[in-house]
Amino acid sequence: MNDVRADFRPRTGVTPIRWNPDQPRPFGCVNGHAEDPITGETLVMVRWPGAPVDTPHRPAELAILD
């Protein structure tokens, strides 16, 4: 099993794996991690451009930018 915290470090650039191709691809920045209170899964907190707060995402939803 991959370590989410090691793979998605703070300030790592990310983009969604799935997005609407009719819209520009969003690029966000990892700001930290959170734990889902029901499943205990570690989530990645991402700040998207123009968003006032970080949003949680499952690691499988994100691709790391090179």
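This is a predicted model: local features need pLDDT of at least 70, side-chain atom pairs count only at pLDDT 80 or more; totals for chains, interfaces and linings use all residues.

Student: Okay, how many helices and strands does the chain have?

Tutor: There is one helix and there are five strands, counting DSSP runs numbered from the N terminus (helices are H or I, at least four residues; strands are E, at least two). Along the sequence the order is α-β-β-β-β-β.

Student: And what share of the residues is buried?

Tutor: Of the 66 residues, 27% are buried. Buried means under 20% relative accessible area, exposed means over 50%, and partly exposed is in between (1.4 Å probe, protein chains only).

Student: Switching to charges: how many salt bridges are there?

Tutor: The whole structure has two. The cut-off is a side-chain nitrogen of Lys or Arg within 4 Å of a carboxyl oxygen of Asp or Glu.

Student: Which residues does Arg-58 pair with?

Tutor: Arg-58 has a salt bridge to Glu-41, at 3.2 Å from N to O. This joins distant parts of the chain, 17 residues apart: Arg-58 sits in the loop between β4 (55-57) and β5 (62-64), and Glu-41 in the loop between β2 and β3. Arg-58 is partly exposed at 41% relative accessible area, and Glu-41 is partly exposed at 29%.

Student: What about Arg-47, which residue is its partner?

Tutor: That's Asp-54, with the closest N and O atoms 2.7 Å apart. Arg-47 is partly exposed at 34%, and Asp-54 is partly exposed at 23%.

Student: Where is Asp-36, and is it buried or exposed?

Tutor: Asp-36 lies in the loop between β2 (28-35) and β3 (42-47). Asp-36 is buried but has no salt bridge, and the nearest side chain of opposite charge, Arg-58, is 4.5 Å away. Leaving out residues up to four places away in sequence, Asp-36 touches Glu-41 and Leu-43, where contact means heavy atoms within 4.5 Å.

Student: Last one: why does Thr-12 count as buried?

Tutor: Because its relative accessibility is 14%. Thr-12 is in the loop between α1 (4-7) and β1 (13-16). Not counting residues up to four places away in sequence, Thr-12 touches Gly-28, Cys-29, Val-30 and Ile-64.

How values were computed:
Residues are numbered from 1 along each chain as its sequence is written. Side-chain values use heavy atoms; hydrogens and water are left out. Lys and Arg count as positive and Asp and Glu as negative; His and the chain ends are not counted.
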